[in-house]
Amino acid sequence: MQHNRRVAALIQVICLALLVFCLIERQVRRALGPEQTMTGLYPDNRRVRPTGRMIFYHLGELTLRIGNVTDPPTVQITRGVQLHLLDLLDTDITRTRWPQT
């Protein structure tokens with residue numbers, strides 16, 4: 001980083017990433033309701049409040065199977081906690097978006 005503008009741009013990107021991180025954690029916690037805990041985040045299945053780190057850990061293992069014209073792409077979910085997190089984030093994985101031409 002040799003120029004002040006580049007340093008400022010990097011700081012803005014980091015702040016934006018942190019904002020997204022915090023908003024995702026907030027959305028999951030609000031969607032849980034008064035209970036505020038869930039199971040499946042840790043191997044011992046204890047009930048904990050979801051953190052942004054744990055949310056991204058579990059969602060980071062999702063894979064997208066590339067589709068074609070007749071077969072749309074699909075998200076492959078390997079664990080129930082992933083589906084639960086996507087549900088809490090109000091994400092519909094059955095809807096796909098094709099690029100606008």
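**Exercise 1. Describe how α2 and helix α3 (residues 80-88) pack, by angle and by distance between their axes.**

Solution. In this predicted model, the axes of α2 and α3 lie 9 Å apart and meet at an angle of about 120°, where axes are lines fitted to C-alpha atoms, for helices over the stretch in contact, and angles run from 0 to 180 degrees between N-to-C directions. The two helices are therefore oblique to each other, given that angles under 35 degrees count as roughly parallel, over 145 as roughly antiparallel, 65 to 115 as roughly perpendicular and the rest as oblique.

Residues are numbered from 1 along each chain as its sequence is written.

**Exercise 2. Classify the aromatic pair formed by Phe21 and Phe56.**

Solution. A search of the whole structure finds one aromatic pair, a term that requires ring centres of Phe, Tyr or Trp (its six-membered ring) within 6.5 Å. Phe21 and Phe56 stand 5.6 Å centre to centre with 5° between the planes, and the pair is stacked, since planes under 30 degrees apart count as stacked, over 60 as edge-to-face and the rest as tilted. Phe21 belongs to helix α1 (residues 4-32) and Phe56 to helix α2 (residues 52-59), 35 residues apart; helices (H or I, at least four residues) are DSSP runs, numbered from the N terminus.

Technical notes. Predicted model: local features only at pLDDT ≥ 70, side-chain atom pairs only at ≥ 80, totals over all residues. Heavy atoms only, no water.
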